[in-house]
Amino acid sequence: MSRRTAALGAAALASLLAAVLLCACESPLSGDGSAAGGQEDFLTVEDLVDQALDQQGQDGFYQKDGWLAKEEYPLQPAMLDHAGRIFQSVYDAYLAGTGSPCYFAMVPGKHCFLGEGRPSLDYRQLAEEMAARTPFCTQLDLTPYLSLEDYYRTDCHWRQEMLPDVARYLGEAMGTDVTAQYTVCTLDRAFTGDYLEQLNLPLPPEPLCCLTSPTLEGCQAARCDLSGVPQPIPLYDRSRDDGYDIFLSGAQGLVTLVNPQGDPDKELLLFRDSFGSSLAPLLAEGYGQITLVDLRYLPSALLGEYLDFHGQDVLFLYSSLLLNNSLSLR
């Protein structure tokens, strides 16, 4: 967080506190000397957050019932066209004729579950638009397996400890078994969501959890730089400053996740954004290897230099946030 952002946040909060104190001092007294108006005159944390957002001029950010969000609106067909062209080019150049079964799944923004009251995308329409742009894929709907509680309150991302049902659904749809039982580990560091970092608001950080199992403890992860040489990385990198980057070391163009206990002939290519980092370990049980590709950092034109396409399962997993703002895909 920049000093300027912190200063703006602190100034906004100071102004709010001063306003609250001033209102308390100026409240007329009732006949018995108590402040008139009763409990309804007190500001809640949500009231303070709303006023802080107004004071900071943070367009698009809002809170509802303690959940911070940023408006995801309107639908941008040109952005969907761009994403569709990139995905189609990957299929045409590398996947067509290989026998790879291809799947597409969209991660809906948490606005999908926040209810009415603010402008938001029509996620059903967005899914239909992307289905039309990815005709080579079997479409998989994650919405029935998600709820608001599966997301962080102060960030756009989903919580790994809430995703086993999503992983089981995807595994079943792709013809593999990912029904492992996991142990939830709560880390000794809290999660400060990106929205909280940007806005410097008076909301507490959240618990940061990850899932472990005997299979995951035996998995080996590595990232590949532009030379193509794999560099070992931890499955959960607790040294990362950004809490969500603990999952497979965050944003990387090319990451491999090898499961020595899995079927070596069963592989998955996962084209993904940041949401895939926390989900991929939960799919590991069903594969000998998962290769994660982030087309924001590894351009599609270069895939043939780093990957061998030979009939692996292929999953395009992208958030609505990225699809509706897709110019980072290359």
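**Confidence**

I looked first at the confidence of this predicted model. The mean pLDDT of the protein chain is 86, and I noted that 82% of its residues reach 70 or more. I then turned to residues 1–41, where the pLDDT is below 50. Beyond near neighbours in sequence, this stretch has 33 contacts in the model.

**Overall make-up**

I recorded 10 helices and 12 strands for the protein chain. Of its 330 residues, 48% are buried. I also looked up how far apart in sequence the contacting residues lie. Among contacts with a separation of 6 or more, 74% are accounted for by residues 24 or more positions apart.

**The sheet**

I traced an open sheet of 8 strands with mixed pairing. Its order reads β4-β3-β12-β10-β11-β9-β7-β8. Which strands stand at the edges? I found β4 (138–141) and β8 (230–233) there. Each has a single partner strand, so one side of each is left without a neighbour in the sheet. On average, neighbouring strands of this sheet are turned by 25 degrees against each other, direction ignored.

Strand β10 (residues 267–272) and strand β12 (residues 313–319) pair in the parallel sense, over 5 bridges. In this pairing I located leucine 268 opposite aspartate 313 in β12.

**Helix α8 on the sheet**

I next asked what packs on the sheet, and noted helix α8 (residues 275–283). Helix α8 touches β3 (102–107), β9 (254–258), β10, β11 (289–293) and β12. The direction of α8 makes about 165 degrees with that of β10.

How many residues of α8 are buried? I counted 9 of the 9, so this helix is largely enclosed by the rest of the structure. Among them are Phe275, Leu279, Pro281, Leu282 and Leu283; Gly276, Ser277, Ser278 and Ala280 are buried as well.

**Helices α3 and α4**

My last entry concerns a helix pair. Helix α3 (residues 77–95) and helix α4 (residues 123–133) pack at an angle of about 35 degrees, and their axes are 9 Å apart. I recorded the crossing of α3 past α4 as right-handed.

Which residues meet between them? From α3, I listed Pro77, Leu80, Asp81, Ala83, Gly84, Phe87 and Gln88. In α4, their counterparts are Leu126, Glu129, Met130 and Arg133. By class, I noted 6 nonpolar, 2 polar and 3 charged residues in this contact of α3 with α4.

Notes. Residues are numbered from 1 along each chain as its sequence is written. This is a predicted model: local features need pLDDT of at least 70, side-chain atom pairs count only at pLDDT 80 or more; totals for chains, interfaces and linings use all residues. Side-chain values use heavy atoms; hydrogens and water are left out. Axes are lines fitted to C-alpha atoms, for helices over the stretch in contact, and angles run from 0 to 180 degrees between N-to-C directions. Helices (H or I, at least four residues) and strands (E, at least two) are DSSP runs, numbered from the N terminus. A crossing is left-handed if the near helix is turned anticlockwise from the far one by less than a right angle, and right-handed if clockwise. Contact means heavy atoms within 4.5 Å. Ala, Val, Leu, Ile, Met, Phe, Trp, Tyr, Cys and Pro count as nonpolar, Asp, Glu, Lys and Arg as charged, and the others, Gly among them, as polar. Two strands pair if DSSP finds at least two bridges between them. pLDDT is the predictor's confidence in each residue, from 0 to 100. Buried means under 20% relative accessible area, exposed over 50%, partly exposed in between (1.4 Å probe, protein chains only).
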